[in-house]
Each structure stands twice: as C-alpha cells, then as structure tokens.
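Subject: Structure handover

Hello,

Here is the structure for your files. My notes follow below it.

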Amino acid sequence: MTGATVIDHPLVQHKLTHMRMKDTSTQGFRRLLREISVLLTYEVTRDLPIAPMEIDTPLQPMSAPVIEGKKLVFASVLRAGNGLLEGMLELVPAARVAHIGLYRDPETLQPVEYYFKAPDGLAERLVVVVDPMLATANSAIAAVQRLKDRGATRLRFLCLLAAPEGIAKFNEAHPDVPIYTAAIDERLNEKGYIVPGLGDAGDRMYGTK
Ligand code: PRP
Ligand code: URA
C-alpha cells in the first residue's frame with residue numbers, strides 16, 4: 001500500500017527514463033513531458049462517469065455514451081505544471097483551467113503563493129491538480145487547500161515523480177485526494193530534491209538555472 005496509483009504503462013516508463021537523463025536537452029525534455037502528459041491524462045480520467053446520449057448516426061438513432069457532468073478543471077501549479085497542462089488539453093480540449101502560482105522557498109521548503117485564478121463552479125467539477133514533482137508535498141498540499149477553500153470537493157493530484165515522504169504527508173493532509181504518478185523514487189535528499197529524480201523540473205523544462 002503506497003498511497004498512490006503508479007501509472008506503469010511501458011510508454012510512460014520509457015519516456016520518463018529519457019526525461020531523467022541529464023543530457024536530455026530542454027527541447028527534448030519539453031517534448032517528452034508533453035507526450036507523457038497525454039498518457040497520464042488517459043489514466044487519470046479512466047473511470048470518469050459516462051451517461052447515455054441520444055444521437056443520430058447516418059443510419060439510425062442510437063443511445064451512445066458521453067462523459068457525464070460539468071467540464072473538468074485542470075489546475076496547474078506554476079511553473080512546472082504548465083508543461084503537463086499542454087498535453088492534457090490536447091486530450092480534453094474543453095477542460096477549464098486553474099493556475100496556482102507557487103514557488104518553493106529554497107531555505108524553508110515552504111510554498112510561497114504569487115498567483116491564483118480558477119474558474120467558477122469548482123464544487124460541481126472534478127479538479128485534477130497537476131505538477132510534475134511531489135517532493136516534500138508542501139506545494140501540492142497548499143495548492144489543493146487553496147482549491148478546497150474555493151469550493152472544490154472532488155480532486156485528484158497528478159504528477160510525474162513522487163517521493164515516499166511526500167506521498168505520506170500528502171495522504172495525511174488530504175486523504176480524500178488520490179495521487180497518480182508515473183514513479184515513486186527512493187527518497188528526498190538534504191535539499192528536498194527527489195533522488196534519483198530528474199532534477200529541477202521547471203529549470204529543465206524552461207532552460208533556466
Ligand atoms: C517545484 C515543483 C513543485 C515543487 C515540489 O516547483 O514543480 O511545485 O517544486 O516541491 P515540494 O513537493 O517540496 O513542494 P518550484 O518551487 O521549483 O517552482 P517552479 O515550478 O516555479 O520552478
Ligand atoms: N522540485 C523539483 O523540481 N525537483 C525536485 O526533485 C524537488 C522539487
């Protein structure tokens with residue numbers, strides 16, 4: 001029992017390995033992240049409720065399934081969440097988008113909020129919070145709390161890499177929010193980085209340091 005669902009599809013694992021490699025270029029990293037995000041979205045939406053809709057095919061009327069309920073919300077934790085968002089919107093173009101601007105103070109490892117914007121009607125929508133890295137989980141816990149304060153009740157957290165320490169802390173803070181990840185790594189190092197990990201996701205994605 002890890003407290004998280006691991007999306008272990010071979011394509012996801014293959015792409016993740018290439019993202020981890022230190023010599024993968026910024027361009028390559030971004031491309032892989034966009035590709036992997038499509039596959040992760042497929043899994044995180046696998047059990048969405050469907051309802052029958054009456055339609056007409058060219059041959060006859062039929063009752064056919066469509067996704068039930070209000071449009072999904074993808075909530076991106078800036079900056080790195082935006083790298084996942086792009087591919088997610090390719091698969092679910094009608095989704096609404098929330099942005100939560102947070103950065104992790106390098107000394108305290110506490111999240112500092114600098115931006116928040118979310119669509120209306122969070123209470124009636126499934127909200128998928130996205131950030132490639134779940135390290136200490138301080139950022140994810142704060143982002144989910146911000147969305148709950150604005151009314152969200154049905155949430156999922158989607159990331160690429162998680163540390164066991166972060167999973168435990170997140171599960172304790174938000175036991176009602178399932179975590180989906182492509183891998184669970186060994187541990188956090190003394191600077192709060194996931195090891196073996198892939199480094200700083202935002203820096204690798206945008207070529208900053
Ligand atoms: C990274 C990452 C998460 C956070 C994870 O963002 O994208 O948001 O760190 O760490 P935590 O689980 O210990 O909180 P960062 O703060 O580096 O900001 P950035 O995306 O703007 O680079
Ligand atoms: N944020 C990152 O981008 N990488 C880590 O390993 C931890 C936090």
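How do the residues of the shell around ligand 1 divide into nonpolar, polar and charged? The shell has seven nonpolar, three polar and four charged residues, where Ala, Val, Leu, Ile, Met, Phe, Trp, Tyr, Cys and Pro count as nonpolar, Asp, Glu, Lys and Arg as charged, and the others, Gly among them, as polar.

Conventions before the rest. This is a predicted model, in which local features need pLDDT of at least 70 and side-chain atom pairs count only at pLDDT 80 or more, while totals for chains, interfaces and linings use all residues. Residues are numbered from 1 along each chain as its sequence is written, chains are lettered from A and ligands numbered from 1 in the order in which they are written, and side-chain values use heavy atoms, with hydrogens and water left out.

Ligand 1

There are 14 residues around ligand 1, and Arg104, Asp131, Thr136, Ala137 and Ser139 come nearest; a residue is near a molecule or strand if one of its heavy atoms lies within 4 Å of it. Strand E5 (96–104), strand E8 (133–134) and helix H4 (138–149) each give the shell at least two residues. Helices (H or I, at least four residues) and strands (E, at least two) are DSSP runs, numbered from the N terminus.

Three polar contacts of ligand 1 are listed here. The term covers a pair of N or O atoms within 3.5 Å; within protein, one must be able to donate a hydrogen and the other to accept it, and residues adjacent in sequence count only if both atoms are side-chain atoms.

- Asp131: a polar side-chain atom is 2.4 Å from an oxygen atom of the ligand.
- Arg104: a polar backbone atom is 2.7 Å from an oxygen atom of the ligand.
- Ala80: a polar backbone atom is 3.2 Å from an oxygen atom of the ligand.

On its own, ligand 1 has 500 Å² of accessible area, and the protein covers 91% of that. Accessible areas come from the Shrake-Rupley method with a 1.4 Å probe; for residues, only the protein chains shown count as cover.

Ligand 1 sits in the largest pocket. On a 1 Å grid over the protein atoms alone, a cavity is a set of points where a 1.4 Å probe fits but cannot get out, and a pocket is an open set with protein on both sides within 12 Å along at least five of seven lines; lining residues have an atom within 4 Å of a point. A molecule sits in either one if more than half of its atoms lie within 2 Å of its grid points.

Ligand 2

Which residues are around ligand 2? They are Arg104, Met133, Ala135, Gly192, Tyr193, Ile194, Gly199, Asp200 and Ala201. By class, this shell has five nonpolar, two polar and two charged residues. The space taken by ligand 2 is the largest pocket.

- Ile194: a backbone N or O atom is 2.8 Å from an oxygen atom of the ligand.
- Ala201: a backbone N or O atom is 2.8 Å from an oxygen atom of the ligand.
- Gly199: a polar backbone atom is 2.9 Å from a nitrogen atom of the ligand.

The protein buries 89% of the 240 Å² that ligand 2 exposes when taken alone.

Backbone geometry

Leu78 and Arg79 are joined by a cis peptide bond with omega of about -5 degrees. Arg79 belongs to the loop between strand E4 (73–78) and helix H3 (81–91). Another cis peptide bond joins Val195 and Pro196, with omega of about 0 degrees; Pro196 is in the loop between strand E14 (194–195) and helix H6 (201–206).

Ala137 is not a glycine but has a positive phi of about 80 degrees. Ala137 lies in the loop between E8 and H4 and is buried, with a relative accessible area of 3%. Buried means under 20% relative accessible area, exposed over 50%, partly exposed in between (1.4 Å probe, protein chains only). Leu109, also not a glycine, has a positive phi near 60 degrees. Leu109 is in the loop between E5 and strand E6 (111–117), and counts as buried at 16% relative accessibility.

Other positions

Ser139, in helix H4, counts as buried because its relative accessibility is 17%. Its C-alpha is 8.4 Å from that of Val112, 27 residues away in sequence. Gln60, in the loop between strand E2 (50–56) and strand E3 (61–67), counts as exposed at 51%.

Regards
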